[in-house]
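Time for a friendly look through this model, notebook in hand.

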Protein chains: 2
Amino acid sequence: MQTMFHYNWLVREEWYQWCENIPLEELLRKRTGGVGGILHTLFHVVDVEWSWIRVLQGKDDFQESFEEYQSLEKVRQLDTNFQFEVREFVRCWNAEKENNILYDPQPDGSVVTDTWGEVMRHMIAHEIHHIGQLSVWAREIGKKPVSANLIGKGLSHTLPKI
Amino acid sequence: MQTMFHYNWLVREEWYQWCENIPLEELLRKRTGGVGGILHTLFHVVDVEWSWIRVLQGKDDFQESFEEYQSLEKVRQLDTNFQFEVREFVRCWNAEKENNILYDPQPDGSVVTDTWGEVMRHMIAHEIHHIGQLSVWAREIGKKPVSANLIGKGLSHTLPKI
């Protein structure tokens with residue numbers, strides 16, 4: 001589990017560095033698919049990751065508005081602000097938490113249940129999916145995207161030991 | 001681990017069904033990013049998944065050519081042909097295999113090593129990343145993409161039990 005979070009964080013950092021060489025206008029440009037833009041996507045993955053961590057802990061969440069984060073620096077700062085709590089939660093993850101139940105009340109009065117294990121994997125897949133969208137938009141502006149390879153990043157130290 | 005493979009297989013099946021309502025011309029059209037097309041992407045994820053499973057088992061691999069699989073039916077049939085071996089390998093996955101070493105000789109004579117755990121997670125991330133690309137191309141042709149949500153798919157039965 002932790003390995004894939006570490007993968008996402010490494011890839012996200014590489015995308016931040018990639019963005020440093022792209023004009024802000026291109027980062028903010030409206031695009032087809034996903035949440036509709038490069039910087040908006042990075043903002044979205046940061047926001048959603050943190051929001052789920054908060055929900056699992058039964059803590060208050062708030063919906064950040066991208067309107068307030070219209071620069072690479074602001075998105076990175078938001079990420080930095082959230083990172084401690086997110087990393088601490090992921091670091092403390094263990095198998096006993098897999099089958100904890102999250103109760104998610106719906107507008108119609110019903111209650112949807114998810115296991116924490118499902119939610120954590122949902123978070124992982126959510127980010128990888130959106131990063132895949134970035135890779136298309138990168139090519140559209142003639143730039144080579146960040147590699148999505150998980151092997152070769154030295155992540156084996158984050159694998160479960162037997 | 002198994003949960004994320006099951007997620008990928010469910011989402012892939014939903015993309016096959018999505019493709020049934022798209023003209024073949026659109027499925028084959030050259031697009032920007034990734035491997036350059038919708039059906040080609042599905043072919044690619046099927047091919048790569050199987051290839052890694054073969055490599056981990058020390059078995060022969062072969063590079064399929066997409067030129068031979070220019071219809072949805074042919075890609076699905078290839079997937080069906082590979083599925084038994086892939087699913088059996090994933091079903092039998094356990095923690096003891098995490099730190100097995102894959103030795104990967106390079107053209108320059110050096111040998112790169114990856115743990116099996118890294119390779120399995122690489123396969124998972126590889127597919128999710130490419131499916132993210134499909135979601136952009138779907139919007140480009142005015143179609144709603146398949147949901148990338150992992151929660152809500154009843155995958156908790158595939159989670160590790162304590």
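I call it a salt bridge when a side-chain nitrogen of Lys or Arg lies within 4 Å of a carboxyl oxygen of Asp or Glu. This is a predicted model, where local features need pLDDT of at least 70, side-chain atom pairs count only at pLDDT 80 or more, and totals for chains, interfaces and linings use all residues. Residues are numbered from 1 along each chain as its sequence is written, chains are lettered from A and ligands numbered from 1 in the order in which they are written, and side-chain values use heavy atoms, with hydrogens and water left out.

**Entry 1: the network in chain A.** I found A:Arg12, A:Glu49, A:Asp79 and A:Glu127 joined in a network of salt bridges. Next I looked up A:Gln83, which sits in helix α4 of chain A; helices are DSSP runs of H or I with at least four residues, strands are runs of E with at least two, and both are numbered from the N terminus. A:Gln83 has contacts (heavy atoms within 4.5 Å) with A:Trp9, A:Arg12 and A:Glu49, leaving aside residues up to four places away in sequence. Its relative accessible area is 13%, so A:Gln83 is buried; my classes are buried under 20%, exposed over 50% and partly exposed in between, with a 1.4 Å probe and protein chains only.

**Entry 2: salt bridges one by one.** How many salt bridges are there over all chains? I noted 26. One of them joins A:Glu20 and A:Arg76, with 2.9 Å from N to O. A:Glu20 is in the loop between α1 (2-19) and α2 (24-28) of chain A and A:Arg76 is in helix α4 (residues 72-91), so this pair ties together parts 56 residues apart in sequence. A:Arg76 is partly exposed at 24% relative accessibility.

B:Arg91 is exposed at 57%, while B:Glu88 is partly exposed at 30%.

Then came B:Arg121 and B:Glu98, whose closest N and O atoms are 3.0 Å apart in a salt bridge. B:Arg121 is in helix α5 (residues 116-140) and B:Glu98 in the loop between α4 and β1 (101-105) of chain B, 23 residues apart. Buried or exposed? Both B:Arg121 and B:Glu98 are buried.

Entry 3: I checked β1(B) and β2(B) (residues 111-115), which pair antiparallel over five bridges; pairing takes at least two DSSP bridges between two strands. B:Asp104 stands opposite B:Val112 in β2(B). Five residues lie between the strands of this hairpin, where B:Gly109 has a positive phi near 95°.
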